[in-house]
Amino acid sequence: MIPVLFSKQDFLNTKWFIAEKLIQLLVGIFIIPKIFNSLGVLNIGKLKFAETFIAFFAPVLFLGLSAICIREIIFNPKKTKEILVTAFYLRLFSWILFFLGLLIYNYFYNSNKLFWLYFLIGFSYFIRITDVFEYYFYAIKKTNYIFISKISSLFCIVLLQYYGVEHQLGILYFASLLIVDFLLQGIIYGFIFITKTAIKLKNKYFSISMVKYLLKNSYPLILSNLLVSLYISIDDFILKYYFGDAAIGLFATIDFLVIALTWSIGFSIINALYPSLAESYKTDINIYQKKISALYKYMLLLGVLIGLFYTFFGTSILSTFFNESYVSIATPLKIFSWSPIFIFLGMVFEKHLINSNQLKKNVYRFIVGCFMNLILGLLLIPTYKIMGAAISMLFSHFITNLGFIIFDGKNRNHLKFIFLK
């Protein structure tokens, strides 16, 4: 069904993304457990908490511009230069404000070692401003350029990570690799953009009217993404309060296996096919509904496969690739591994909300998700520790992503797209 609906170019884009994520998966299995074992659960917990703390403010840094810019480039290709230049300066200004606040906070509240950890991670977000080039490559379906950039950077970073493991280097070294990673990607993006496109970006394309337009359209995404950051950070904050950095380090291992390795494949497929969805929404609503129904079913199948994989092989993976301090999280891993089913459905639904200008509903559903995760986390984590965090996240993902559709009268027909049509 899917090949009939989506074009050859759509599937070529998807193949590039799947290839990228599979390579990242293979490399991640090889190197990341070595980093986890080398640093130990306590240092991994510190690194994870610093990343979580800064990522909480990431929606303010990204301003929800990614999906909006891609949509607008597709809908209004003549304004591409204006969109990209304006988005670049918006991202730069938001980072300056964020970084000043981060420096002030860490100067007064963190030790010297943690100050530099937060500094390095925060500075890496400045380098990530160059991902505005991704908006354009997504929109014109040239995802092979994104593949080239990310994979070239990945191989360089893996060599540096291996060097760090072999020489037992600390968390500041591995944090600094975030800067190197995004810097390499930015350089490659810039080179490809200059040599492979006829677009010349200049300051004159910056537009105040475009600033207002982009922010007006993206502010619901900013709010919903802030809520997502809070939503996925709640368990880390509760775990740290009751059990310290080591518990966060163990939970970070589950997050790495389920989210960083396998969930990202579905994320890439949805993003790769989004331009096709946006085009169909604008031109033929019947084809659009068939495409989104097919994508729902494809993501549902992928989520089930991920859950089954970790249910049957999770214990073996932990005992094979990690040291004995990580084996205790086998059951929480199996529980949390079913979360991608609901996350994928929610991601496809979010693309529909973007296309149909219903982004305020994205805010509402993540308010519900935050509330559920907070209540369940406070009830379960103090008693059941990491097991409680896994149960809390799984149930809140169900409520946020599938439960909201059930109770949303205007979009309840998406249940038909998921399970029947």
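Me: Is C156 buried, exposed or partly exposed?

Reply: The relative accessible area of C156 is 37%. Buried means under 20%, exposed over 50% and partly exposed in between, with a 1.4 Å probe and protein chains only. C156 is therefore partly exposed.

Me: At what pLDDT do side-chain atom pairs count?

Reply: Residues are numbered from 1 along each chain as its sequence is written, and side-chain values use heavy atoms, without hydrogens and water. The model is predicted: totals for chains, interfaces and linings use all residues, local features need pLDDT of at least 70, and side-chain atom pairs count only at pLDDT 80 or more.

Me: Is C370 buried or exposed?

Reply: The relative accessibility of C370 is 8%.

Me: How many residues of α7 are buried?

Reply: Helices are DSSP runs (H or I, at least four residues), numbered from the N terminus. α7 covers residues 132-139, and its buried residues are V132, F133, E134, Y135, Y136, F137, Y138 and A139. Of the eight residues in α7, the number buried is eight.

Me: How are α5 and α7 oriented to each other?

Reply: Axes are lines fitted to C-alpha atoms over the stretch in contact, and angles run from 0 to 180 degrees between N-to-C directions. Helix α5 (residues 80-109) packs on α7 at about 150°, with the axes 9 Å apart. Angles under 35 degrees count as roughly parallel, over 145 as roughly antiparallel, 65 to 115 as roughly perpendicular and the rest as oblique. The two helices are therefore roughly antiparallel.

Me: Which residues of α7 make the contact with α5?

Reply: Contact means heavy atoms within 4.5 Å. From α5, the contact is made by T80, L84, A87, F88 and R91. From α7, it is made by V132, Y135 and Y136.

Me: How is α4 oriented to α7?

Reply: The axes of helix α4 (residues 65-75) and α7 come within 9 Å and cross at roughly 45°. That angle makes α4, relative to α7, oblique.

Me: Which residues of α7 make the contact with α4?

Reply: On the α4 side, the contact is made by L65, S66, C69, I70, I73 and I74. On the α7 side, the residues are Y135, Y136, Y138 and A139.
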